Each structure stands twice: as structure tokens, then as C-alpha cells.
Amino acid sequence: MHLLIFVPSARTGLLLNAVSQASSRDSSIPQHQKLDATGFTYHGRSYGVGSAVGLVQPQLLNGTVGTIRNYSFFEDGYECQVSCQYNKTSQLSWIKSDLVQTPGGIYAPQGYWANGSLPNGVWDGFPTWAVVNEGFATALAAVNSQSRYMYGFLAGNAYAVLNQIQCEARFSPTRFKVEVGVSAKNISVIPVATGLDIDPSRALANISFHGAGYLSQTLTTLYTSVLGDSFLRNIDNVRVHNNRTQAIDQDVINAVEEGLETLIDDFLGSTGAAQVALLQETRSTQGFVVLEAYRIGNFPIATTTLSLVAIIGLAALGNFITLGLWHKISSRPDPDFLDFKTAIVSIAKGAGSALNPVNNWKGDSDDRIVGKLEVKATENVLALKLMESSVHGL
Amino acid sequence: MPVMYWKPVWVIVCVASSLAISGFITWLSTAKRFSNVNHVQLIKQYRTYISIIVQVISTVLSIGQTYVVGSLVAFSTNARLTSNRKLPTLDTLKLRQAMVSKSPIWERQTKMISMISIGWLLALQLPAALWAGSITPVLTEAQYEALIPIPYYSQSTAAYWATKCAPAEPCDQLLGGISDMGTFSYVAWKSKLVSIPQACTC
């Protein structure tokens with residue numbers, strides 16, 4: 001469950017939503033929407049993989065058809081781990097530049113140059129504006145050099161908890177297992193092993209890394225820092241998750257780490273989705289698809305039926321052997337005394353009936369001649385009389 | 001037409017065909033899964049009608065057992081009547097006739113016979129119930145291997161995915177566009193502010 005908040009600047013984009021929802025407020029796994037209109041939701045981190053889900057369908061093999069319920073596959077990508085700490089001797093700073101005069105000095109835009117350096121090199125910095133002072137500005141310095149990816153926060157008073165936080169991001173080629181629930185529209189990604197490096201040039205990692213810095217550059221407005229606001233909301237998520245009334249430094253560090261990881265995951269995934277949707281550049285990996293299907297019956301019941309049929313068959317076999325029915329098949333049928341007609345006629349024959357059909361009866365249960373005899377109960381209803389039919393034809 | 005005692009022949013036919021059908025259905029229930037979309041939809045939509053059809057078929061299939069059992073009772077009764085062993089009483093014949101004709105005896109004087117006939121009648125319902133359980137289609141899942149498309153980053157398209165676009169740099173070719181499936185761009189920091197362009201209901 002996430003905090004519902006209505007701040008206009010908080011609703012500017014999915015990427016920033018991802019930052020503000022990077023951490024869970026309770027014991028549940030954080031969820032965030034895939035950055036497209038397919039309606040899928042990642043349960044846990046996306047790690048930038050699974051970006052083709054919903055955009056292209058799995059190909060069933062050997063003419064198999066069906067409705068896909070869920071599927072899973074392995075995809076190589078990068079596991080980005082961000083570790084942060086406060087650096088009280090941070091060398092990032094605001095350099096004040098020109099002030100634009102306004103009538104009465106209201107909302108006078110003050111220019112600033114955010115610049116400085118991180119432990120792995122000098123940051124280019126960028127100019128920005130703020131009203132009166134730098135209180136509502138946040139800059140995220142991003143320096144990629146010496147084979148290290150480092151971030152540094154430079155923030156005004158409104159985002160003081162973010163100021164002087166420095167982070168290092170590490171990209172490890174990793175193989176992920178991606179599980180997709182098609183009907184529930186959810187995706188879960190699990191790192192399983194070291195994977196192939198999908199881009200040895202590291203352009204994907206570089207672009208994703210710098211994307212976060214560019215967001216701070218473009219989303220620090222004269223009045224607020226949209227990126228800073230997103231991180232503040234995630235800090236609040238961590239505070240609530242840890243059941244504290246006020247966030248401590250470790251809460252802030254955790255929230256920033258998880259926020260940056262989610263942001264980088266989304267940048268990686270966004271590039272993957274663009275490859276699929278814009279250039280249709282895909283390759284196929286083997287996976288497993290679970291289809292909606294049906295089967296006939298239930299195995300235990302089918303087995304019980306087979307057993308019952310077999311037992312009846314064995315009983316029949318035993319009966320055939322003991323009664324010698326094999327030999328009788330090609331002979332005249334035995335009279336069936338459990339047949340009502342046969343029983344009556346055989347009793348009449350045994351009692352010495354004078355009726356011709358009874359005398360001539362050979363024991364055949366479906367004999368049509370004796371079948372036409374009429375039956376009448378005596379007046380005291382204790383005896384039956386057999387009579388030859390007076391009407392022929394029935 | 002040659003003289004033949006058909007009842008034993010029908011018993012053999014019933015036993016053989018029941019064994020064959022039951023064996024086939026047992027194999028189906030373990031080995032086979034069907035994923036045809038239309039069939040699955042049919043099963044989902046017409047459960048009531050399917051249960052009626054299953055009931056009719058299972059009743060027909062159960063005749064294979066009830067006929068055989070009734071015939072075996074008749075064979076043994078007739079054989080006993082012609083043997084020199086202990087002769088059956090009329091009550092025994094009445095019970096056996098009730099068993100063969102599948103009609104219960106409701107008489108206070110012969111409680112045991114009544115109970116046996118009722119128990120027998122209930123037991124004869126078992127084959128139909130078992131057949132119904134054996135042939136009812138059950139919705140389930142089936143797993144198959146498949147080819148799953150994932151993004152590929154080839155050198156021929158590196159001009160898109162491997163090109164960095166910083167703020168205030170022209171990179172229109174990387175901006176991508178909007179489709180029914182969402183907004184796609186190689187410049188995510190610039191293009192993922194999707195609320196406004198997707199607000200249009202046109």
C-alpha cells in the first residue's frame with residue numbers, strides 16, 4: 001500500500017512515480033507499473049529486464065495453440081547496486097550568478113551554477129534557477145570516470161536530508177529469471193546467476209546512469225525540485241516501513257539507494273522497450289509457457305473405474321469358466337428363469353399344461369408363440385390362468 | 001441364421017469394450033492436455049450443458065457394467081436351478097429377479113432381502129457415477145516450451161540505443177513516439193512525462 005498524495009509536482013511522470021514508490025511502506029514487496037500502456041506491473045525490482053513483455057507475444061512451438069496464462073524465461077541484463085553515504089566534506093556547491101529583478105522583488109529568479117567534483121572526477125555541473133535562494137533546488141551530480149559510477153546530491157534547505165549524500169552504482173552482468181502472469185498482468189524478476197554482458201561497450205549502463213542526473217537538471221524548477229520531492233516521498237515510505245515517527249539517516253540512505261536503483265532499472269528497461277517497440281529488434285530466448293488447457297477426467301477416478309470394469313470382467317471370466325458358457329454360445333439359449341415370461345411358461349409346462357404353445361416350448365425366453373398366451377387371475381386372485389389368445393396378430 | 005446364445009456374446013462385448021474405453025480414458029487423464037482455445041472457451045461457457053451430456057454418456061457407458069452384472073446373476077441362478085446342489089427358495093429367486101431387473105423390494109416381512117435389494121440398487125449407480133468422473137472435462141494448465149522475444153542490442157542500431165542525449169542537445173531521432181502500447185523513447189528522462197500527451201481521449 002502506497003501513500004496517496006495530491007501534489008501537482010508529484011504527478012509529472014512515471015519515472016518519478018517509480019522513485020517515490022521504490023520502497024514499500026509495509027512488509028509487502030514494492031510494486032510499480034511498467035513504463036508503457038501494456039498495464040503490466042513489476043512486483044519488486046525490474047532490473048531493466050522483461051521490457052518486451054506485453055509488447056510482443058511468445059511464440060508457441062510445434063503448432064501448439066492456446067491462451068497463455070503465464071510464462072517464464074531467462075534474460076541477461078545488469079544488476080545495478082547503489083550504495084550511499086553522507087560525505088560531510090562534499091565538494092559540490094552552488095555558485096550564485098545573476099539575479100533577475102522583478103516588481104517589488106517578488107519571486108525574483110536567482111541564477112545558480114551547481115558544480116563541483118566527486119571522488120572519481122570533476123562534474124560538469126549545470127545552471128539552474130531558484131527563487132530568492134537555493135532552498136528549493138536539488139541537483140544530482142553524476143560522474144562516470146575511472147570505471148566508477150558516482151552520484152552526489154546538492155540540495156537546498158527544503159531537501160536538506162538529501163544534501164551531501166554520495167552514492168556509487170555498480171553494474172554487474174546478471175542472468176535473471178523473468179516470470180510473467182498474463183491474466184494478473186504482473187512481472188517478477190529474480191537474479192539467478194552471473195550473466196552474459198549484453199553490451200560490453202557499457203553504453204547502456206552509461207546512458208541509464210546519466211539519466212538520473214539529467215532528470216535533476218531538467219526537473220529543478222524555479223519553485224521546486226520534482227526529483228527532490230520524489231526522493232522525499234520515498235524517504236517517508238521507508239520511515240513508515242520502519243515504524244518511526246521521524247526518519248533517521250539510515251532511512252534516508254536506504255530510500256535514496258532504492259530510489260536510484262529503481263530509476264536506473266527503469267532507464268535500462270525503457271531502452272529495451274524502445275528497441276522492441278520502435279525498431280522491432282528482438283532475439284528469441286527459450287522459455288516455458290503455461291497455457292489454459294483441459295483434460296478428460298480425473299486420474300484417481302478413471303483408475304477406479306478401470307479397476308471396477310476389470311473386476312467385473314474377471315467375475316465374468318470366472319462365470320464363463322465355471323458354467324462352461326464358452327461352449328454354450330453356439331447352441332440354443334438356456335431358459336432364463338429370472339425372466340417373468342419364462343418362469344410362468346416353465347411352471348405351466350412342469351404342471352402338465354394342455355396348451356399347445358406351452359407343450360411345444362423349447363425353453364427360449366424370446367419365444368413369440370408363448371409370448372402371445374393371455375394371462376388371467378382367478379376370481380379369488382390367488383391363481384393365474386394361461387389361455388390361448390382369441391385375437392391373432394398381437 | 002445359426003442358433004446362438006447371444007447373452008454370453010453381449011457380455012463379452014460389454015466387458016471388452018468397457019475395458020478398452022476405460023483404459024483409453026485412464027491414459028487420457030494422465031497423459032493428455034488439450035489447449036485448443038475454442039474448446040477451453042466452450043467448457044467455460046457451457047458447463048451446465050456439458051454436465052448433462054456427461055451424465056447421459058456415463059449412463060450409457062455404465063450399461064456395460066450393469067448388464068454384465070445382471071447377466072452373471074441370471075447365469076448363476078439358472079445354473080443353480082439345474083444343479084443338484086441346495087435349491088434356491090422362492091424368496092431367493094425373488095431377490096435375484098429384483099437384482100436383475102434393478103427394482104428394490106419394499107417388504108416388512110423380508111427385511112434382509114429388502115436391504116440387500118436396496119443396497120444392490122445403490123451399488124449399481126456406482127458405475128455411472130465413476131464414468132461421469134472419468135469423462136468430465138476439467139480445466140487445467142499445460143506447460144510448453146516457447147520462444148520468448150527479448151530486446152537485442154546490435155551494432156547496426158547502436159546509433160539509437162548507445163547514443164547519449166544530454167539536456168539541451170538536439171536528438172530528435174532518439175525521441176521515439178507514442179503508440180497504443182505506450183510511449184517509447186531512447187531519451188527516457190525527456191519522454192517519460194507521459195501524463196499530458198496521454199491525457200487526450202481522442
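This is a predicted model: local features need pLDDT of at least 70, side-chain atom pairs count only at pLDDT 80 or more; totals for chains, interfaces and linings use all residues.
Me: How many cavities of 30 Å³ or more does the structure hold?
Reply: The largest cavity has a volume of about 100 Å³. The second largest cavity has a volume of about 80 Å³. With the threshold set at 30 Å³ or more, the number of cavities in the structure is two.

Me: Which helix of chain A gives the largest share of the lining of the largest cavity?
Reply: The largest cavity is lined by 14 residues, and those closest to its centre are Lys34(A), Leu35(A), Tyr42(A), Gly269(A) and Ser270(A). By class, the lining divides into three nonpolar, six polar and five charged residues. Five residues, the largest share, come from residues 249–279 of chain A, that is, from helix α4.

Me: How many nonpolar residues are in the lining of the second largest cavity?
Reply: Both chains contribute to this lining, with Ile207(A), Tyr214(A), Phe267(A) and Thr271(A) among the residues of chain A and Tyr186(B), Val187(B), Ala188(B) and Trp189(B) among those of chain B. At least two residues each are supplied by α2 (203–218) and α4 of chain A and by α8 (188–191) of chain B. The lining holds two polar residues and one charged residue, and its nonpolar residues number eight.

Me: Which element gives the most residues to the largest nonpolar core?
Reply: This core has 52 residues, of which Tyr151(A), Ile165(A), Phe171(A), Val256(A) and Leu260(A) touch the most other members. The element that gives the most to the core supplies 10 residues and is α4(A).

Me: With which residues is Val256(A) in contact, leaving aside its neighbours within four places in sequence?
Reply: Val256(A) is one of the residues that touch the most other members of the largest nonpolar core. Once neighbours within four places in sequence are set aside, the contacts of Val256(A) are Cys84(A), Phe153(A), Leu162(A), Ile165(A), Cys167(A) and Phe231(A).

Me: Why is the pair of Tyr149(A) and Phe209(A) edge-to-face?
Reply: A pair of aromatic rings is described by the distance of the centres and the angle of the planes. The ring centres of Tyr149(A) and Phe209(A) are 5.1 Å apart. Planes over 60 degrees apart count as edge-to-face. The pair is edge-to-face because its planes stand at 65 degrees.

Me: How many residues apart are Tyr149(A) and Phe209(A)?
Reply: Tyr149(A) and Phe209(A) are both buried, and they belong to one aromatic cluster that also includes Tyr78(A), Tyr151(A) and Phe171(A). Tyr149(A) lies in strand β9 (residues 148–155) and Phe209(A) in helix α2 of chain A, so that the pair links distant parts of the chain, at a separation of 60 residues.

Me: At what angle do the ring planes of Tyr153(B) and Trp161(B) stand?
Reply: Tyr153(B) and Trp161(B) are buried. Their ring centres are 5.3 Å apart, and the pair is edge-to-face, with the planes at 65 degrees.

Me: Is Lys185(A) buried, partly exposed or exposed?
Reply: Lys185(A) is found in the loop between β10 (165–181) and β11 (186–194) of chain A, and its phi is positive, at about 55 degrees, although it is not a glycine. Buried means under 20% relative accessible area and exposed means over 50%. At 34% relative accessibility, Lys185(A) is therefore partly exposed.

Me: What relative accessible area does Lys102(B) have?
Reply: Lys102(B) has a positive phi of about 55 degrees without being a glycine, and its place is the loop between α4 (90–101) and α5 of chain B. Lys102(B) is partly exposed, and its relative accessible area is 39%.

Definitions and conventions
Residues are numbered from 1 along each chain as its sequence is written. Chains are lettered from A and ligands numbered from 1 in the order in which they are written. Side-chain values use heavy atoms; hydrogens and water are left out. On a 1 Å grid over the protein atoms alone, a cavity is a set of points where a 1.4 Å probe fits but cannot get out, and a pocket is an open set with protein on both sides within 12 Å along at least five of seven lines; lining residues have an atom within 4 Å of a point. Grid points are joined across faces, edges and corners, and a volume is the space filled by probe spheres set on the points. Helices (H or I, at least four residues) and strands (E, at least two) are DSSP runs, numbered from the N terminus. Ala, Val, Leu, Ile, Met, Phe, Trp, Tyr, Cys and Pro count as nonpolar, Asp, Glu, Lys and Arg as charged, and the others, Gly among them, as polar. A nonpolar core is a set of buried Ala, Val, Leu, Ile, Met, Phe, Trp, Tyr and Cys residues joined through side-chain atoms within 4.5 Å. Buried means under 20% relative accessible area, exposed over 50%, partly exposed in between (1.4 Å probe, protein chains only). Contact means heavy atoms within 4.5 Å. Rings of Phe, Tyr and Trp (its six-membered ring) pair if their centres lie within 6.5 Å; planes under 30 degrees apart count as stacked, over 60 as edge-to-face and the rest as tilted.
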